[in-house]
Amino acid sequence: MSGGYRLTGAHISSTGGSLTAVAPLQLSRRDARRLAVRAQLLDARRPASVAEVIDELTVLNIDPTNAIAPSEDLILWTRLGNGYEPAQLKEAVEVERVAFEYDGMYRAIADLPLYRAYMRQPLKYAQPKEWLAANAAFRADVLARLVDGPLLTAEIPDTAAVSWGSSGWTNNRNVTQMMELLVRLGEVAIAGREGRERRWDLAERVYPDVPEINVETAAASRNVRRLQALGIARAKQTEVPLERMDVGDVGVPAVVDGVPGQWRVDEVGLDELGVPFDGRTALLSPFDRLVFDRVRAEELFGFEYVLEMYKPAAKRRWGYFALPILRGDELIGKLDAKADRKAGVLRVFAVHRDRDWTTGEVADVHAEIRSLADWLGLELADSDD
């Protein structure tokens, strides 16, 4: 078997009266990393368009933190390079309709049936069910207003009879809470954005007609799609925010040298292990799916990372919004930088190295930082690192 993996530790199962050996593959850490990097479109082969990136990654995290650039734009720049412009994402979502926004992420329109299946399910938790029941008139008012066309959040009056109660930032945010619940139920959809503000419309005017599938089929298909996008993942693990990173029993079982437990691997990615790997240098959003599961990043890449924007400045090791640095199939450090748009510069406070770098690695990382500044339209205020 090509690609540096081998069968190991077979167990025996019975199929049709005969015994069949089912064995996990054994992967080196290097090959496991390359599976992940290729699946996330971070090797030397660049995708051609926003639509291709979202379709291959299946999800594109939305986050407004603008220390460098909004996360969705930074993730797309990392894949597409300096030819990417934020207007391309807006066109893909609002004009071409090749992607849709749902639950804090842009998702491929081809996957819409997998989400419509969940939208047909009743709400799970008591609080939103009871709150919607108490605000039936508010719900009807919102839907009636949308008949005349899409509305921004600020254009929808709050006619709630009972306020949404929360100990967090959603407390009393009745319009936002109502709209998000109606999106969850498939009655409303996010038609686009004006800046960071969402524009809401009736789902029937935003979503194309798609075949109905049951939620069990949808869950299995989402596992397949997720594994294709991740390359290698755990069968089951603790949930991460917004979108799971475990995949059930799809794919091929595998173990990784020096890493406890079993993994699931995408079969297409396995086939590509026989092809020479050509990597590149990339600066990643902290919300990039390659590093979003911090445990997986440490297990496969030996990469320790915490997003420190919520920590007091004195307790930060790497910076407010440090960007993980990928080179080839390794995560080798973090970039602490900030886009100072008022001054017209990208300020580099530190380049943290997780190990010693070669002269070539130093040059490649600094070239990528200069490329980031060019993309942002800023001068580079470089550090001495």
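**Sheet, domains and cavities of the predicted model**

Strand S17 (residues 345-353) pairs with S18 in the parallel sense, over three bridges. Within this pair, valine 345 is opposite glutamate 379 of S18. Strands are counted as paired if DSSP finds at least two bridges between them. Strands (E, at least two residues) and helices (H or I, at least four residues) are DSSP runs, numbered from the N terminus. The model is predicted, and local features need pLDDT of at least 70, side-chain atom pairs count only at pLDDT 80 or more, and totals for chains, interfaces and linings use all residues. Residues are numbered from 1 along each chain as its sequence is written, and side-chain values use heavy atoms, with hydrogens and water left out.

S17 and S18 belong to an open sheet of five strands in the order S14-S15-S16-S17-S18, with mixed pairing. Its edges are formed by strand S14 (281-283) and strand S18 (379-381), each of which pairs on one side only. From one strand to the next, the twist averages 30°. Helix H14 (residues 359-376) packs on this sheet and touches S14, strand S15 (323-327), strand S16 (330-340), S17 and S18. The direction of H14 makes about 155° with that of S17. For these angles, axes are lines fitted to C-alpha atoms, for helices over the stretch in contact, and angles run from 0 to 180 degrees between N-to-C directions. Contact means heavy atoms within 4.5 Å.

Antiparallel pairing occurs around strand S13 (residues 259-265). Strand S12 (residues 252-256) is joined to S13 by five antiparallel bridges, and valine 255 has glutamine 262 of S13 as its bridge partner. S12 and S13 form a hairpin with two residues between them. In the turn, glycine 258 has a positive phi of about 80°.

The protein chain is divided into domain 1 (26-97 + 214-378) and domain 2 (112-205), with bounds taken from an automatic or database domain assignment. Taken over C-alpha atoms, the centres of domain 1 and domain 2 are separated by 31 Å. The contact between them takes 17 residues from domain 1 and 10 residues from domain 2.

Four cavities of 30 Å³ or more are present in the structure. A cavity is a set of points, on a 1 Å grid over the protein atoms alone, where a 1.4 Å probe fits but cannot get out, and its lining residues have an atom within 4 Å of a point. Grid points are joined across faces, edges and corners, and a volume is the space filled by probe spheres set on the points.

The largest cavity has a volume of about 60 Å³. Its lining consists of Thr58, Asp111, Leu114, Tyr115, Arg222, Arg225, Arg226 and Glu243. Helix H5 (112-119) and helix H10 (215-230) each supply at least two of the lining residues, and H10 gives the most, with three. By class, this lining has two nonpolar, one polar and five charged residues. Ala, Val, Leu, Ile, Met, Phe, Trp, Tyr, Cys and Pro count as nonpolar, Asp, Glu, Lys and Arg as charged, and the others, Gly among them, as polar.

The second largest cavity has a volume of about 50 Å³. Among its lining residues are Gln40, Arg79, Phe287 and Asp288. Strand S5 (59-61) and helix H3 (71-80) are the elements that give two or more residues to this lining; the largest share, three residues, comes from S5. The lining of the second largest cavity has five nonpolar, two polar and three charged residues.

Note on methods: On a 1 Å grid over the protein atoms alone, a cavity is a set of points where a 1.4 Å probe fits but cannot get out, and a pocket is an open set with protein on both sides within 12 Å along at least five of seven lines; lining residues have an atom within 4 Å of a point.
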